[in-house]
Amino acid sequence: QVQLVESGGGLVQAGGSLRLSCAVSGGTFSSYAMGWFRQVPGKERECVAAISWSGGTTYYADSVKGRFTISRDNAKNTVYLLMNSLKPEDTAVYYCAAVLTYYSGNYYYTEKESYDYWGQGTQVTVSS
């Protein structure tokens with residue numbers, strides 16, 4: 001049973017920073033491509049950042065490019081999302097997700113339908 005557990009969310013003022021963590025258990029973490037998504041009520045869940053199984057390729061949504069950084073530590077079975085210069089529009093529930101790649105290619109995935117496993121989400125609230 002693969003489990004993903006996010007942590008690090010909270011309330012922060014605009015301009016501040018947070019680092020989200022997602023610990024993965026029950027599978028071979030190094031074989032998963034990982035993604036961070038966010039969702040606000042009434043809107044689709046959107047990918048804000050994604051990383052290949054090796055960490056060699058990454059993706060960022062235009063809305064977060066230059067402010068967010070995704071990284072992974074395969075020795076700790078953990079993926080991170082460092083969020084700097086936070087804005088009120090970054091307020092959302094943030095989810096991490098994993099897709100099993102069998103070490104094939106070096107791709108990231110941005111479509112939520114591609115992902116096999118999801119965490120429970122962590123709330124990020126940015127006050128103005």
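Q: How many disulfides does the structure hold?
A: This predicted model holds 1 disulfide.

Q: What makes cysteine 22 and cysteine 96 a disulfide?
A: Their sulfur atoms are 1.9 Å apart. The cut-off is within 2.5 Å, so the pair is called a disulfide. The link is right-handed, with 50 degrees about the S-S bond.

Q: Which parts of the chain does the pair of cysteine 22 and cysteine 96 link?
A: Cysteine 22 is in strand S3 (residues 18–25) and cysteine 96 in strand S9 (residues 92–100). The two are 74 residues apart, and the pair links distant parts of the chain.

Q: Why is cysteine 47 in no disulfide?
A: The nearest cysteine sulfur, that of cysteine 96, is 12 Å away. A disulfide needs sulfur atoms within 2.5 Å, so cysteine 47 is left without a partner.

Q: Why are cysteine 22, cysteine 96 and cysteine 47 called buried?
A: Buried means under 20% relative accessible area. Cysteine 22 has 0%, cysteine 96 has 0% and cysteine 47 has 7%, so each counts as buried.

Q: Why is aspartate 90 called buried, and what does it touch?
A: Its relative accessible area is 1%, under the 20% cut-off, so aspartate 90 counts as buried. Aspartate 90 is found in the loop between strand S8 (78–83) and S9. Leaving out residues up to four places away in sequence, aspartate 90 touches Arg38, Arg67, Phe68, Ser85, Val124 and Val126.

Q: What makes glutamate 46 and arginine 38 a salt bridge?
A: The distance from N to O is 2.8 Å. The rule asks for a side-chain nitrogen within 4 Å of a carboxyl oxygen, so the pair qualifies. Arginine 38 is buried at 7%, whereas glutamate 46 is partly exposed at 33%.

Q: Why does the pair of glutamate 44 and lysine 112 tie together parts 68 residues apart in sequence?
A: Their side chains meet in a salt bridge, N to O 3.0 Å. Glutamate 44 lies in the loop between strand S4 (32–39) and strand S5 (46–51), and lysine 112 in the loop between S9 and strand S10 (117–118), so the pair joins those parts.

Q: Why is glutamate 44 called exposed but lysine 112 partly exposed?
A: Exposed means over 50%. Glutamate 44 reaches 59%, so it counts as exposed. Lysine 112 has 27%, which lies between 20% and 50%, so lysine 112 is partly exposed.

Q: How many salt bridges are there, and which residues are joined into one network?
A: The count comes to 6. One of them pairs aspartate 62 with lysine 65 at 3.2 Å. Salt bridges that share partners join Arg38, Glu46, Arg67 and Asp90 into one network.

Definitions and conventions:
Residues numbered from 1 in each chain as written. Predicted model: local features only at pLDDT ≥ 70, side-chain atom pairs only at ≥ 80, totals over all residues. Heavy atoms only, no water. Helix = DSSP H or I, 4+ residues; strand = E, 2+ residues; numbered from the N terminus. Buried < 20%, exposed > 50% of the residue type's maximum accessible area, 1.4 Å probe, protein only. Contact = heavy atoms within 4.5 Å.
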